[in-house]
Amino acid sequence: MSLQLKRQDLLKNGSYVGARWLTSESDISVLNPASGDEVARVADAAAHDVSSAIDCAATAFPSWAAKTAKERGQILRKWFDLVIAHKEDLARIMVAEQGKPMAEARAEIDYGASFIEWYSEEAKRAYGDVYPTTVEGGRMEAVKQPVGVCGAITPWNFPVAMITRKAAPALAAGCTMIVKPSELTPLSALALAELAEEAGVPQGVLNIVVSSDSAMVGQVFCNDARVRKLSFTGSTRVGKILMEQSAQDLKRLSMELGGNAPFIVFEDADIDAAVAGAVASKFRNAGQTCVCANRFYIHKTLYDEFAAKFSDAVSALRVGNGAEEGVEIGPLIEAKAIDKVHGLVSEAVEAGAYALCGGAVHDYGAQYYQPTVLTDVTQDMRIAREEIFGPVAPLFKFSTEDDVVAMANQTEYGLASYFYARDVGRVHRVAQALHSGIVCVNAGGFSTEVAPFGGVKHSGFGREASRYGLDEYLDLKYVFVADLNR
Ligand code: ADP
């Protein structure tokens with residue numbers, strides 16, 4: 001059955017370039033991961049379409065940048081209002097193309113919209129500095145100016161929020177943007193563009209290119225000197241390719257890459273709170289987020305109790321089609337994701353790990369994986385090093401704070417870390433010692449538009465959300481004015 005919406009026209013079938021909806025001779029089939037059914041067909045953009053989007057963004061830039069920050073903020077505010085007004089339709093589109101449970105989709109619309117709201121306000125606060133002059137009679141100031149045309153490449157796991165977290169600060173700063181959403185989830189991006197147009201975002205300021213050839217889009221972005229900045233969310237592998245390709249032009253970059261988050265439960269933790277936090281952190285979006293806990297380190301005195309309670313909670317999670325109310329774990333995005341997750345689990349089990357619950361493909365369907373808790377996992381197993389991106393929680397045992405901090409940091413990634421502890425000295429000590437861009441203490445989630453999100457090491461660089469997110473789209477210019485009368 002086709003997707004039923006209150007506003008059927010939010011379902012688009014081609015890229016949005018210079019306020020036009022493109023058609024093409026070839027289409028991308030967007031599949032519902034819950035059923036394998038086709039949700040829609042979307043025109044597949046070619047290299048000349050991407051170049052044309054850059055033309056439009058470059059043409060639109062001077063007048064968009066020249067608007068007052070207040071004017072840009074007012075347009076963004078309207079966009080925010082429209083996204084919220086169409087939350088239900090946007091959530092349905094998201095569930096259909098991405099598979100996450102309806103409640104999570106609605107929460108993502110709120111979260112995604114929060115960036116638009118925040119930057120509609122923050123647009124006015126791109127403050128500069130005036131310095132006490134070191135030259136008599138001179139004036140020294142630093143002003144912030146928009147970077148220019150920006151490219152964005154986004155993943156499928158948060159089809160709305162990963163776009164608004166880039167587009168809202170870019171537009172607020174006065175930049176224009178071309179977004180390439182994941183070819184698996186283009187429909188949410190196109191619906192956002194329709195609402196942006198209705199909000200009054202002018203022609204060419206926001207463009208969406210949908211293509212099955214993501215490498216081509218990356219190359220067109222990177223080879224065009226007019227694109228002054230590239231913001232990427234996705235795998236570390238692709239982030240490195242884009243960084244290399246951007247070297248020629250020395251483009252500014254923001255890189256939001258993979259993670260391998262540790263989740264530590266110390267002996268002084270509130271164990272029930274830790275279990276609840278572990279479920280929230282691990283199983284959101286069926287484990288398909290870059291900040292999902294990937295390795296659970298449990299103090300040896302709590303290990304058995306934690307494992308039993310956690311496994312009970314995980315076994316109770318309801319698996320099914322995300323469109324059904326009450327479902328908590330949807331399908332994984334693609335068949336190959338199942339192969340990867342099951343490969344990691346099987347290898348760990350062969351090497352001595354034990355599946356306290358789960359450990360296999362779910363009866364509900366071939367693209368569903370049983371929520372899984374593995375005990376007796378060791379640091380040398382592949383599952384300890386790689387991002388699982390599925391509903392699988394491996395449990396490790398530790399004895400001392402120093403040991404666990406060393407194990408937690410023993411990864412090339414550094415996006416998020418979690419720990420549960422009540423000793424205030426330990427809370428501060430461990431928060432300082434963990435090598436990650438985000439540390440979450442005594443909670444299973446932390447994301448908000450007001451605080452900076454981003455990583456260190458192979459998890460990338462640059463920050464999204466918060467006032468720092470705006471700076472990613474601004475260049476700092478120092479202006480020195482001498483006093484000609486002296
Ligand atoms: P994930 O594992 O989250 O899918 P990817 O890095 O593969 O991470 O994908 C993130 C985004 O990067 C998607 O929009 C995808 O289409 C795009 N992408 C994949 N390969 C390339 C590439 N070589 N150049 C540019 N973009 C790419």
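This is a predicted model: local features need pLDDT of at least 70, side-chain atom pairs count only at pLDDT 80 or more; totals for chains, interfaces and linings use all residues.
How many Å separate the centres of domain 1 and domain 2, taken over C-alpha atoms? The centres are 31 Å apart.

Residues are numbered from 1 along each chain as its sequence is written, and side-chain values use heavy atoms, with hydrogens and water left out.

Domain 1 covers 8-258 + 459-478, and domain 2 covers 261-410 + 416-448. These bounds come from an automatic or database domain assignment. Their contact (heavy atoms within 4.5 Å) takes 21 residues from domain 1 and 25 residues from domain 2.

## Where the domains meet

Domain 1 and domain 2 bury about 1,700 Å² between them, with 58% of it on carbon and sulfur atoms. Buried area here is the accessible area (1.4 Å probe) that two parts lose on being put together, summed over both.

The count between the two domains is 1 salt bridge, meaning a side-chain nitrogen of Lys or Arg within 4 Å of a carboxyl oxygen of Asp or Glu. Across the interface there are also 7 residue pairs in polar contact, both residues at pLDDT 80 or more. A polar contact is a pair of N or O atoms within 3.5 Å; within protein, one must be able to donate a hydrogen and the other to accept it, and residues adjacent in sequence count only if both atoms are side-chain atoms.

On the side of domain 1 that touches domain 2, α3 (87-98) and α4 (102-122) each supply at least two residues. The largest share, 5 residues, comes from α4. Helices (H or I, at least four residues) and strands (E, at least two) are DSSP runs, numbered from the N terminus.

## A pair of aromatic rings

Among the 15 aromatic pairs in the structure is the one formed by Phe266 and Phe398, which is edge-to-face, with 5.6 Å centre to centre and 80° between the planes. Rings of Phe, Tyr and Trp (its six-membered ring) pair if their centres lie within 6.5 Å; planes under 30 degrees apart count as stacked, over 60 as edge-to-face and the rest as tilted. Phe266 lies in the loop between β12 (261-265) and α9 (271-283), and Phe398 in strand β16 (residues 392-398), 132 residues apart.

## A look at Glu141

Glu141 sits in strand β6 (residues 139-146). Not counting residues up to four places away in sequence, Glu141 touches Asp129, Val130, Tyr131, Lys477, Tyr478 and Val479. The side chains of Glu141 and Arg139 are joined by a polar contact of 3.4 Å.
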